[in-house]
Amino acid sequence: MIYYIVRRILTMIPTLFVISFLIFFIIELPAGDYISNQVAALKSSGETASIAKLEFMRKEFALDRPFFERYLIWVGLWHGPHGFDGLLQGNWGWSFEFAKPVEDVIGPTLPLTVILNFATILFVYVVSFPIGIYSATRQYSWGDYGFTFLGYIGLATPNFLLGLIMLYLFNRWFGLSVGGLMAPEYLDQPWSVAKGLSVLAHLIVPTIVIGTSGTAGMIRRLRANLLDELHKQYVTTGRAKGLKERRLLVKYPLRMALNPFIADIGNLIPSLVSGSVIVSVVLNLPTVGPVLLTALQSQDQYLAGFVLLFVAVLTLFGMLVSDLLLAVLDPRIRLGGRAAS
C-alpha cells in the first residue's frame with residue numbers, strides 16, 4: 001500500500017505539468033490579453049496617458065514574450081523579468097483585474113472553498129447512500145417511487161432558483177443573514193468559536209443547493225448498480241445457504257455496487273466547483289467560483305490559471321482517495337496492477 005501511494009503521488013507530478021500546460025494553452029487561445037484589451041479601450045476613448053504604464057506592465061510580467069517562454073515563467077522553470085518567479089517558487093502570479101498578487105485575491109477564499117466542497121461531498125454521500133439502498137431493496141414500492149420523484153425534481157430545478165427560495169425561507173424562519181458564508185459582523189474578525197458556528201449555520205443552504213443535483217444522480221446510480229448485483233447468481237446461492245438478508249446485502253452485493261459510487265469522488269470535485277459558480281454569485285459566497293468567472297471574462301490569465309490549477313489539484317487528490325478506498329473495499333482490485341493469485 002505504501003509503495004502504491006508513493007507511486008501514485010509521483011505520477012501526479014507529471015500529470016500536473018501536463019494539466020498546467022493545457023490550462024495555460026486554453027487561457028491563451030482568445031486573442032489578446034488583459035493589457036491589450038485595456039490599451040484598446042483607452043485608445044478608443046482618447047486617453048493615452050496611461051498607455052505607457054500598461055506597456056511597462058506588459059514587459060514587467062513577461063506578456064511580450066513568446067508563448068512557451070511565458071508558460072515556463074508562469075510555472076517557474078524560466079527566470080522572469082525583474083525577479084518575476086513562478087508557481088514552483090511560491091509566486092502565484094499577479095492579478096491585473098484586482099491590481100494585487102493572486103495570493104491576496106484568492107487566499108481568503110481557498111479555505112472556505114475547501115470547506116464548502118467537503119461539506120457538499122459529505123452531504124451527497126450521506127443522503128444518497130441510505131436512499132439508494134432503500135430504493136434498490138424495495139424496488140417499485142411507494143418509497144422508491146417517492147424518492148425517484150424527488151430525485152427528478154432535484155435534477156430539474158435550477159440551482160440558483162432553489163438557492164433563492166431557501167435563502168428566503170431560512171431568513172424568515174431562522175433569521176439567517178442573506179448570502180455569504182458567515183454573519184456580517186464576523187467578516188473582518190479573527191477565527192473564534194462563534195465565527196465557526198456562524199460558518200456552519202451558513203453552510204446549510206449552499207451545501208443543499210449545490211449538492212442537490214449530485215445527490216439525485218448518485219441515488220440513481222447506486223440504485224441501478226445494487227439492483228444489478230442483487231439479481232446475480234451468487235446472491236441466489238447465498239440465500240439458498242440461509243444467509244440473512246441484511247448480512248447478505250452488506251457482505252457481497254453492496255460492496256460490489258459501491259465501486260462506481262466511490263470512484264465518483266474524484267469526478268465530483270470539479271463538477272462541484274464548476275456547477276457552483278452561478279450559485280456562488282447568486283448567494284454571494286466568498287469562494288473561488290466568482291473570482292474565476294471574473295478572471296475569465298477579463299482575461300486575467302495568471303488569476304484564472306491558478307484557480308483552474310487549484311481545482312485540478314483537488315481533483316487529483318480526490319482520485320487518489322477514491323482509488324485507495326476502492327482497493328480496500330474490493331479485493332478483486334490489486335494495487336500496482338498485479339494479477340490475483
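Modeller: The chain has 15 helices and two strands; helices (H or I, at least four residues) and strands (E, at least two) are DSSP runs, numbered from the N terminus. This is a predicted model, in which local features need pLDDT of at least 70 and side-chain atom pairs count only at pLDDT 80 or more, while totals for chains, interfaces and linings use all residues. Residues are numbered from 1 along each chain as its sequence is written, and side-chain values use heavy atoms, with hydrogens and water left out.

Of the 341 residues in the chain, 45% are buried, where buried means under 20% relative accessible area, exposed over 50%, and partly exposed in between (1.4 Å probe, protein chains only). The largest nonpolar core has 76 residues. A nonpolar core here is a set of buried Ala, Val, Leu, Ile, Met, Phe, Trp, Tyr and Cys residues joined through side-chain atoms within 4.5 Å. Among the residues with the most contacts inside this core are Ile 35, Trp 74, Phe 96 and Leu 303. Helix H15 (residues 301-329) gives the most to the core, with 11 residues. A second, separate core of five residues includes Tyr 4, Met 12, Leu 316 and Leu 320.

H15 is mostly covered, with 21 of its 29 residues buried. Val 311 lies in H15 and, at 10% relative accessibility, counts as buried. Neighbours within four places in sequence aside, Val 311 is in contact with Pro 270 and Val 273, contact meaning heavy atoms within 4.5 Å.

H2 (residues 34-45) and H3 (residues 51-60) pack at an angle of about 170 degrees, with their axes 10 Å apart. Axes are lines fitted to C-alpha atoms, for helices over the stretch in contact, and angles run from 0 to 180 degrees between N-to-C directions. H2 and H3 are therefore roughly antiparallel, the word used for angles over 145 degrees.

Note on methods:
Angles under 35 degrees count as roughly parallel, over 145 as roughly antiparallel, 65 to 115 as roughly perpendicular and the rest as oblique.
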